[in-house]
Amino acid sequence: MNKKQILEQDAAKTYNQFKVFEGKKYTGMRVGGRHKWYYEKGEWKETKVAPDRWEFSYAVPKRRAGHAPAGSGVPVGTEYHWYILAHQNVRKLDANTYTTALTGLKYKLAHKRAGKDTWSASDQAQRRHLIKILQEMIDDLTADMPVEKAPASALAKAERAPKTRLTQRKRSAARANARKGASGRRRLVASGGRSRR
């Protein structure tokens, strides 16, 4: 038995063994494992539903680059429900042709075993899991954002803005006293420093 056959045999044995990742048990391909697929000619359909939003559907067979180790993987007929978060970068080449590259993440929401009619998670459980995924993504994105500072003029305005009626009254009184003091000082200067009695 050559080295490649030994590795394939090990992969087949370990696929269904329990593994642990961040304290949680799982089966299947180990974390860090890689797949390479070739997508055949597929059909991408899209409908513009808002200025910056499109709904799309995509259907295509995909084939493994190479061959799965004998006995590894799930039985034929198994289904998966994945949720994909991705960037699609395109560049127009001519009137009818674009390059396209998709990079991102995909998350398993549920699977359906071969010969079964039900998914491993209910629609509600899948929805809850998806909400958790999206919330974690939002948290990660906002954690990486630099904190924006308000313009100095806005801060000064906020400082000057009355906070309560009480402080507004105090400020009004302070301004009135300041005006009285200023007029008193003007009178004092006009009289050559002599105060009237």
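These exercises work through strand pairing and surface patches in a predicted model.

**Exercise 1.** Which strand pairs with β4, and in what sense?

*Solution.* Start with the partner. Strand β5 covers residues 53-59. β4 and β5 pair in the antiparallel sense, over 7 bridges. Next, take one bridge. Glu-43 has Ala-59 in β5 as its bridge partner. Finally, check the connection. The two strands, β4 and β5, form a hairpin with 2 residues between them.

**Exercise 2.** Over how many bridges do β7 and β8 pair?

*Solution.* Locate the strands. β7 spans residues 79-94, and β8 spans residues 97-112. Their pairing is antiparallel and runs over 15 bridges. Within it, Leu-85 stands opposite Leu-105 of β8. The link is a hairpin through 2 residues.

**Exercise 3.** Which residues form the nonpolar patch on the surface, and is Trp-44 buried, partly exposed or exposed?

*Solution.* List the members: Tyr-39, Trp-44, Phe-56 and Tyr-58. Together they have about 460 Å² of accessible area. Now classify Trp-44. Its relative accessible area is 34%. Buried means under 20% and exposed means over 50%. Trp-44 is therefore partly exposed.

**Exercise 4.** Which residues gather in the patch of negative charge, and where is Asp-144 found?

*Solution.* The patch on the surface holds Glu-136, Asp-139, Asp-140 and Asp-144. Asp-144 sits in the loop between α2 (123-143) and α3 (152-160). Then apply the cut-off: exposed means over 50%. Asp-144 has 67% relative accessibility, so this residue counts as exposed.

Notes: Residues numbered from 1 in each chain as written. Predicted model: local features only at pLDDT ≥ 70, side-chain atom pairs only at ≥ 80, totals over all residues. Heavy atoms only, no water. Patch = residues over 30% accessible without salt bridge, like charges linked within 9 Å, V, L, I, M, F, W, Y side chains within 5 Å. Areas by Shrake-Rupley, 256 points an atom, 1.4 Å probe, with all protein chains shown as cover. Salt bridge = Lys/Arg side-chain N within 4 Å of Asp/Glu carboxyl O. Buried < 20%, exposed > 50% of the residue type's maximum accessible area, 1.4 Å probe, protein only. Lys, Arg positive; Asp, Glu negative; His and termini not counted. Charge placed at Lys NZ, Arg CZ, Asp CG, Glu CD. Helix = DSSP H or I, 4+ residues; strand = E, 2+ residues; numbered from the N terminus. Pairing = 2+ DSSP bridges.
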